[in-house]
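Trainee: Could you walk me through reading aromatic pairs and ring contacts in a model like this one?

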Amino acid sequence: MKLNLRHQLGLVCVIVLFPALHTSQDSFTCSRATYYGSPYCYGNPRGACGFGEEGKIVNDGNVAGVSWLWKNGSGCGACYQVRCKVPQYCDDYGALVVVTDYGVGDRTDFIMSPHGYSSLGKNADASSELFKYGVVDVEYKRVPCGYSGYNLIVKVHQHSKNPHYLAILILYVGGTYDIAAVELWQEECQEWRPMRRAFGAVFDSANLPKSDIKLRFQVSGSAGLYWVESKNVIPCEWTPGAVYDTQIQLH
């Protein structure tokens, strides 16, 4: 199902801004966090995950670049609870951040947007003090992302050229799942063929079927690796920027 502009804007407002936090039983891991410069305190639209402008505003700009948690791009979109360990300044809950970028800091696992970093503090004054630290000790754990009941979405990347080259961006992966691989169905030879992970959450292929495009996704989670198939297809007349609902819901 292709989403019209009205639905796309609705998804940006409802899904992108507010991933819901659910409880998780996993223990916290000790690390360090810092922040990067941003003129508007929000995310970076040039982040390595390929989210573009949506990566700038996802989770109201509470985002982070990560190092080993990036997992060659499969960690893109993961949600983490991060709380700092300076008792007089740090909020008990901390911040919920979404991974949108790759980055390596001074022995840090999180390079947070200023908006996300400020959420570590108890109040505005405490946050100001934390900014003076530059780098703070933190503890973190992965928590499920939730997108108000919406499904996994596929967006055709702007550099795609029908019918010779297709790149897709995977958005709104709920729960604590990672997308490990994507395949498309080749009707002519009756087999699934892998798409290449171009970078981050972007997969591409130059070997396209002449018909509508059927996709399936290899999902990694607590139950191991398994495949889920989109209930909708990308029609053969697709255009760059088009957004399609897979009707797959991960939670």
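Mentor: Start with Tyr117. The model is predicted, and in it Tyr117 has a relative accessible area of 0%, so this residue is buried.

Trainee: Is Tyr35 buried, exposed or partly exposed?

Mentor: Buried means under 20% relative accessible area and exposed means over 50%, with partly exposed in between. Tyr35 comes out at 30%, so it is partly exposed.

Trainee: How many aromatic pairs are there?

Mentor: Ring centres have to lie within 6.5 Å to pair, and the count is 9 aromatic pairs. Take Tyr35 and Tyr117: their ring centres are 4.8 Å apart with the planes at 50°, so you call that pair tilted. Tyr35 sits in strand β2 (residues 29-35) and Tyr117 in helix α3 (residues 114-118), so the pair links distant parts of the chain, 82 residues apart.

Trainee: Which residues form one aromatic cluster with Tyr35?

Mentor: Tyr117 and Phe131 do.

Trainee: And what about Tyr80 and Tyr140?

Mentor: Planes over 60 degrees apart count as edge-to-face. Tyr80 and Tyr140 have 75° between their planes and 5.9 Å centre to centre, and they make an edge-to-face pair. Since Tyr80 belongs to strand β4 (residues 79-84) and Tyr140 to strand β7 (residues 136-143), the pair ties together parts 60 residues apart in sequence. Tyr80 is buried at 3% relative accessible area, and Tyr140 is buried too, at 4%.

Trainee: Where does the charged end of Arg83 sit?

Mentor: Over the ring of Phe28, 3.8 Å from the ring centre. Look at Arg216 as well: its charged end sits over the ring of Trp227, 4.2 Å from the centre.

Conventions:
Residues are numbered from 1 along each chain as its sequence is written. This is a predicted model: local features need pLDDT of at least 70, side-chain atom pairs count only at pLDDT 80 or more; totals for chains, interfaces and linings use all residues. Side-chain values use heavy atoms; hydrogens and water are left out. Rings of Phe, Tyr and Trp (its six-membered ring) pair if their centres lie within 6.5 Å; planes under 30 degrees apart count as stacked, over 60 as edge-to-face and the rest as tilted. Helices (H or I, at least four residues) and strands (E, at least two) are DSSP runs, numbered from the N terminus. Buried means under 20% relative accessible area, exposed over 50%, partly exposed in between (1.4 Å probe, protein chains only). A charge sits over a ring if NZ of Lys or CZ of Arg is within 6 Å of the ring centre and within 35 degrees of the ring normal.
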